[in-house]
Amino acid sequence: MPRVVTLPGKTIGILGGGQLGRMFAIAARRMGYRVHALDPAPDCPTGQVADVEWSAAYDDTDTAVAFARAVDVVTFEFENIPYETLQRVAEIAPVFPAPLVLDTTRHRLREKTFLSTHGFPVAPYRSVSSVEELRAAVIALKTPCILKTATFGYDGKGQTKITHLDQCDAAWGALGQPLGVVEGYVDFVCELSVIVARAQNGAIRTFDVAENLHEHHVLDVTVVPARVSEATKQAAVAVSVAVAKSLDLVGVLAVELFLVGDGTPQGHLIVNELAPRPHNSGHFTVDACVTSQFEQQLRAVCGLPLGDVRLLSPVAMANILGDCWDNGEPDFAAALEVPGVNLHLYGKSDPRPGRKMGHLTCLAEDAETARLRVIEARQRLRRTHDPS
Ligand code: ADP
Ligand code: MG
C-alpha cells in the first residue's frame with residue numbers, strides 16, 4: 001500500500017465507540033484532527049468526544065459507506081467489526097491496520113494458526129467443533145486446560161477452565177458457539193505485554209514492557225517497568241516486533257505474553273493473544289510516556305513519524321470496574337488525594353459489575369510504590385462518599 005499522509009485538520013473515522021476510541025479521539029483532537037465515530041450505541045464513550053457521532057449497527061453497510069465518504073482515513077478500536085463492513089469502508093477510504101490483520105487477530109483459531117505457522121511460541125492448543133473433539137483434546141492436552149470461544153471473547157468471557165474430563169459436557173454446553181479452542185493451562189510466572197507501533201514506512205517503536213496482574217481473567221493492575229530481567233524484556237520486545245512485522249501491521253499492536261519458568265534463569269515466553277489496536281495494558285503511556293499509545297496509533301494511521309516512547313517515570317495503572325459503584329457514587333476526591341494519581345473515566349453512565357468504567361494511574365519514584373499507591377487510591381473510591 002502506498003503511503004497515505006493525512007495531515008492535521010483532516011478527518012479520521014474510527015469504527016467502534018468504546019474507551020479506546022475515546023482516548024484515541026482525544027489524542028487526535030489535541031493534534032487538530034476532526035474525528036467521526038461509528039458505534040451502535042448513541043452517546044458512546046468515543047461519540048461524546050468526537051466531532052460527529054454516527055449511531056448504526058456494524059452490519060449496516062449503507063451507513064458505513066456514508067461514514068467512509070465523510071472521512072479521510074479510517075481506523076478501528078473494536079475487534080468485532082464485520083469483515084464485510086470493513087471491506088466496503090476500505091473501498092472508499094484507506095483503513096489502517098489493514099482489514100486482513102483484524103480478520104486474523106479477532107478469531108482465536110486463525111490467530112493461533114498464524115502465530116504457530118510463523119514459528120511464534122504459543123500454548124499447546126486444539127481446535128474443537130464437537131463435544132467428542134473436546135474430550136479428545138482434553139485427553140491429549142491433559143487437565144487443567146481452558147476452553148475458549150473462537151470469536152467474541154474478551155475480558156475472560158467465553159472461557160471455561162476444565163480440571164476433569166467429566167466437565168467436558170457442561171463446558172461444551174456453555175460455549176454457545178460451534179467452534180472452540182482448547183488450550184493447555186500455562187503455569188506462568190507472570191503476564192507481560194508489549195505495545196508495538198509500526199508506521200507506514202515500516203519504522204517500529206515499542207513501549208516499555210508492561211507487567212500485568214489479572215483478577216478473574218480480567219486485567220486489574222499494570223506495573224511499568226515490569227519486574228523481570230533485562231534479558232526477558234529484550235526477548236519480549238523481540239518477539240512482539242517480529243509478530244508486528246509478520247502481520248505487516250500499520251498501527252498499534254498489543255502482544256500479550258506469558259513468562260514461563262522452565263528451570264533456566266530466564267524462563268521462556270509464550271504469546272497469549274494479539275490485539276491490533278491500543279490495549280488496556282498500554283494506558284500507562286498516556287500519563288507516563290512522551291507519546292501515548294493513542295497518539296502512536298494516530299501517527300501511524302496518518303503516515304506521520306512515530307513519537308518518542310520514552311518512559312518518564314515508573315507507573316502503575318489500576319482498572320476501575322462497575323463494582324466500585326457498589327456503595328454508591330465512588331469517592332473520587334479521596335482517591336485524587338493520593339500523590340501522583342490521575343483519574344480517567346470513560347463517560348459510561350451504567351456502572352454494571354465487571355464493566356470497565358475508567359482507570360487510575362500513579363507515577364512514583366519506583367514501580368512498587370506506584371503499585372501500592374494506585375491500589376490505595378482505588379480502595380478509597382469505595383469509601384462511602386460524604387457529600388457535605
Ligand atoms: P481475553 O483477554 O480475550 O479475555 P485471554 O486469552 O487473554 O482472553 O485470557 C484472559 C486471561 O486468562 C489471561 O490474561 C490469563 O490471565 C488467563 N488465561 C488465558 N489463557 C490461559 C492459559 N492457557 N493458561 C493460563 N491462564 C490463561
Ligand atoms: Mg487477553
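1. Helices (H or I, at least four residues) and strands (E, at least two) are DSSP runs, numbered from the N terminus. Asn 80, for instance, lies in the loop between strand 4 and helix 3.

2. This is a predicted model, in which local features need pLDDT of at least 70, side-chain atom pairs count only at pLDDT 80 or more, and totals for chains, interfaces and linings use all residues. Residues are numbered from 1 along each chain as its sequence is written, chains are lettered from A and ligands numbered from 1 in the order in which they are written, and side-chain values use heavy atoms, with hydrogens and water left out.

3. Asn 80 is buried, with a relative accessible area of 18%. Buried means under 20% relative accessible area, exposed over 50%, and partly exposed in between (1.4 Å probe, protein chains only). Apart from neighbours within four places in sequence, Asn 80 is in contact with Arg 106 and Phe 152; contact means heavy atoms within 4.5 Å. From C-alpha to C-alpha, Asn 80 and Gly 153 are 9.8 Å apart in space, while in sequence they are 73 residues apart.

4. What is the strand order of the open parallel sheet? The order is 3-2-1-4, with 4 strands and parallel pairing. Two strands pair if DSSP finds at least two bridges between them. Strand 3 (52–55) and strand 4 stand at the edges with a single partner strand each, so one side of each has no neighbour in the sheet. On average, neighbouring strands of this sheet are turned by 20° against each other, direction ignored.

5. Within that sheet, strand 1 (residues 11–15) is joined to strand 4 by 4 bridges, and strand 1 pairs with strand 2 (residues 34–39) over 5 bridges, also in the parallel sense. Leu 15 stands opposite Phe 76 in strand 4 and opposite Leu 38 in strand 2. Helix 1 (residues 19–30) packs on the sheet and touches strand 1, strand 2 and strand 4; its direction makes about 175° with that of strand 1. For such values, axes are lines fitted to C-alpha atoms, for helices over the stretch in contact, and angles run from 0 to 180 degrees between N-to-C directions.

6. Helix 2 (residues 61–69) and helix 3 (residues 83–92) pack at an angle of about 30°, and their axes are 9 Å apart. That makes helix 2 roughly parallel to helix 3; angles under 35 degrees count as roughly parallel, over 145 as roughly antiparallel, 65 to 115 as roughly perpendicular and the rest as oblique. Thr 61, Ala 64, Val 65, Ala 68 and Arg 69 in helix 2 meet Glu 84, Thr 85, Arg 88, Val 89 and Ile 92 in helix 3.

7. A further open sheet has 4 strands in the order 5-8-6-7, with antiparallel pairing. Strand 5 (125–128) and strand 7 (159–162) are its edge strands, each pairing on one side only. The twist from one strand to the next averages 20°. Strand 6 (residues 145–149) and strand 8 run antiparallel and are joined by 5 bridges; Leu 147 stands opposite Val 182 in strand 8. Helix 5 (residues 108–117) packs on the sheet, touching strand 5, strand 6, strand 7 and strand 8, at about 140° to the direction of strand 5. Helix 6 (residues 131–141) also packs on the sheet and touches strand 5, strand 6, strand 7 and strand 8, its direction making about 170° with that of strand 5.

8. Is Gly 184 buried or exposed? Gly 184, in strand 8 (residues 180–184), is buried, with a relative accessible area of 10%. Not counting residues up to four places away in sequence, Gly 184 touches Ala 123, Pro 124, Leu 141, Pro 144 and Cys 145. The C-alpha atoms of Gly 184 and Leu 141 are separated by 5.7 Å, although the two residues are 43 residues apart along the chain.

9. The protein donors of the magnesium ion (ligand 2) are Glu 256 (OE), Glu 256 (OE) and Glu 273 (OE), at 2.1 to 2.6 Å from the ion. The pair links distant parts of the chain, with Glu 256 in strand 13 (residues 251–260) and Glu 273 in strand 14 (residues 268–275), 17 residues apart. Donors are N, O and S atoms within 2.8 Å of the metal (3.2 Å for Na, K and Ca); water is not among the atoms, so sites may look incomplete. Glu 256 and Glu 273 are both buried.

10. In helix 10 (residues 293–301), 9 of the 9 residues are buried, so this helix is largely enclosed by the rest of the structure. Just after helix 10, Gly 303 takes a positive phi of about 70°.
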